Amino acid sequence: MPGHALAKEDVPAPHGALALLRQRDFRIAYSAIISSELGDAFQYIALMWFALEAAGPLGVLAVRLADSVPALIFGFHGGLLADRLERRRTMIAADLVRGAVLVPVALAGLLGHLPLWALVGAAFVLTAATSYFDPAYGALLPALVGRESVQQANGLVRATGDAVGIGGWALAAVLLTFMPLSAFFAINALSYFISALLLARLHVREAVTRLEGTTWTQVRAGFAALRLLPVLAVAVAAVGVAITIESGTWMVGVPDLVRNELGGGASSFAMVMVGYALGSVSAGLFLTRHPLRRKARASLLAWCLYFPAYLLMALAGSVAVACVGAVCAGVGQGSAIVLVNSAAQEQVPDATLGRVMGLISLVHRGAHATGLLFVAPLFAIIDPRPVFLAAALAAPVVGLGGLAAATALSRRADATRARGSNRNRRS
């Protein structure tokens, strides 16, 4: 059969984080990802601050677009390579590229000359490389833990990654008392090199076979694999719509709300960001301990949590209320992303799993770009509270509307299969 075939014996279903971490290959991959997540936490602070100093808010917008748009360009190609090439090696190559691009950025910062174009270019290359890493990792995960345990693994990685992010921000504040900000780029470069070294130690064996047909045929096969799973297809589409609306509102609206409506400063904004991260950590921990059966449908319902989240933001009279809303938002998005990825890893055949994971990566990360382009500009002409209220009302439309569409498509597919089965029996 063309595509990827796993040459690894079946993995028993573990229960809980400790059981997962007792599996050597998953423990190594988990350590690699958490290493780079810690580096990313440092880099985020340096990247945004240098961009702000270089060109003000427009500099931040330019960098945010540069670290979102590449997903739209390279996301599906990353998935295609995840089905063509050895996934472990693809991840290592992506880490080496990400580390290498940060070395000259760190040196330029230490020398006191780091222009905006260099930040934009680095952000673009980093996300482009991530567009190859993410589908390869997502398609490799079932070989590391078994398909029946992907939700627990995804939940654990999500929870730990966000917790490490919070710790990284706090540690960054301490390090900045004696370390230049540009050193954070070097720290992240080192984290990617460490990740590559760890991934090189994986023992999982992949039997890679040649994909049949032209590139276009292979692309169509990826979409066909998703079309056979209508509920999952709707859930993936909902990711794009929901993140366009909700992240477009969040990225510009939260600092605007905190500063201009609630009278808070940078510390208040940081509290709201920590609230979101805590919500995402909580969602990851819950899903690590409680596997769900209908993951794609559950992911659609998770978007409905943005209704109370952004309603609280719209009505907030204090930073504390905004923090509660942020926790709800973190639970909603964290749950939805873990569940839609896990549903694909459980249901999609391994031969096309890389392409489907690439499509999910494209939709997930690319929606940040569409949110910046189509939703964020609203804050230039409208006060933040009405925008948050509109986003709150849109959340159940996406979640419940998607669930209704998924149910209708699933019933239609079942009816079509039943008619085909009846014809076969009569013949």
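**View 1. Phenylalanine 42 and phenylalanine 184, two buried rings.** In this predicted model, phenylalanine 42 and phenylalanine 184 are both buried (under 20% relative accessible area with a 1.4 Å probe, protein chains only; exposed is over 50%, and partly exposed lies in between). A search of the whole structure turns up 11 aromatic pairs, where rings of Phe, Tyr and Trp (its six-membered ring) pair if their centres lie within 6.5 Å. With ring centres 5.1 Å apart and planes at 50°, phenylalanine 42 and phenylalanine 184 make a tilted pair (planes under 30 degrees apart count as stacked, over 60 as edge-to-face, the rest as tilted). Phenylalanine 42 belongs to helix α2 (residues 24–66) and phenylalanine 184 to helix α7 (residues 183–199), so this pair links parts of the chain 142 residues apart. Helices are DSSP runs (H or I, at least four residues), numbered from the N terminus.

**View 2. Phenylalanine 76 stacked with phenylalanine 223.** Here the centres sit 5.2 Å apart, with 20° between the planes. Phenylalanine 76 comes from helix α3 (residues 69–84) and phenylalanine 223 from helix α8 (residues 215–227), so the pair ties together parts 147 residues apart in sequence. Phenylalanine 76 is buried at 11% relative accessible area, while phenylalanine 223 is partly exposed at 37%.

**View 3. Arginine 98 over phenylalanine 133.** The charged end of arginine 98 sits over this ring, 4.7 Å from its centre (the cut-offs: NZ of Lys or CZ of Arg within 6 Å of the ring centre and within 35 degrees of the ring normal).

**Notes.** Residues are numbered from 1 along each chain as its sequence is written, and side-chain values use heavy atoms, leaving out hydrogens and water. Local features need pLDDT of at least 70, side-chain atom pairs count only at pLDDT 80 or more, and totals for chains, interfaces and linings use all residues.

Key. Helices (H or I, at least four residues) and strands (E, at least two) are DSSP runs, numbered from the N terminus.
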